[in-house]
Amino acid sequence: MKTFLAFLVLFALPVTAQQRLAIPAYITCDHNQLTAWMGEIKYLNHQTGTLNLALTTDYQTEESLQLHYPTEAALLAQMRLHGVPFTKNDWRQLYESDGTLRNQLRAVIWLCEDSSTEPVINWQPPK
């Protein structure tokens with residue numbers, strides 16, 4: 001009976017921020033050159049040709065990213081929504097109806113040390 005109880009306790013433990021993220025198939029960067037920021041988006045500004053964001057990571061660091069892109073399609077190619085390719089219509093899921101950034105908007109940002117591989121943002125708005 002003690003073995004069974006220990007088994008239940010082991011698998012009932014919550015997932016912690018200390019565990020590694022599984023690298024999704026859409027990430028093409030060499031895994032040895034890959035970094036991920038996971039956390040809550042605090043600032044987002046999307047204008048023609050530029051996207052700026054800031055987030056507080058699950059490790060309580062403050063990070064920021066600025067992307068420059070030649071076309072809207074190029075930007076969309078760098079983004080996912082819960083792991084699915086991001087579309088032009090998905091922008092509304094990042095904002096409240098009044099245009100403010102959604103509370104508790106999270107993202108995982110995959111960054112490659114290889115300068116030829118663009119960052120990928122996997123948006124994770126609350127469902």
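Modeller: Q104 counts as exposed, with a relative accessibility of 55%. This is a predicted model, in which local features need pLDDT of at least 70, side-chain atom pairs count only at pLDDT 80 or more, and totals for chains, interfaces and linings use all residues. Residues are numbered from 1 along each chain as its sequence is written, and side-chain values use heavy atoms, with hydrogens and water left out.

Biologist: Why is Q104 called exposed?

Modeller: The term exposed requires over 50% relative accessible area, buried means under 20%, and partly exposed lies in between (1.4 Å probe, protein chains only). The 55% of Q104 therefore qualifies as exposed. Q104 lies in the loop between β5 and β6 (106-112); strands are DSSP runs of E with at least two residues, helices are runs of H or I with at least four, and both are numbered from the N terminus.

Biologist: What makes the phi of Q104 worth noting?

Modeller: Most residues other than glycine have a negative phi. The phi of Q104, however, is positive, near 60 degrees. H82 also has a positive phi, of about 50 degrees, and is not a glycine. H82 is in the loop between β4 (79-81) and β5 (84-85), and its relative accessible area of 34% makes it partly exposed.

Biologist: What makes R80 sit over the ring of Y26?

Modeller: The rule asks for NZ of Lys or CZ of Arg within 6 Å of the ring centre and within 35 degrees of the ring normal. The charged end of R80 is 4.5 Å from the centre of the Y26 ring, and it is classed as sitting over that ring.

Biologist: How do you know that C29 and C112 form a disulfide?

Modeller: A disulfide is a pair of cysteine sulfur atoms within 2.5 Å. The S to S distance of C29 and C112 is 1.9 Å, so the pair qualifies. C29 lies in the loop between α1 (2-12) and β1 (34-47) and C112 in strand β6, so the link ties together parts 83 residues apart in sequence. Both C29 and C112 are buried.
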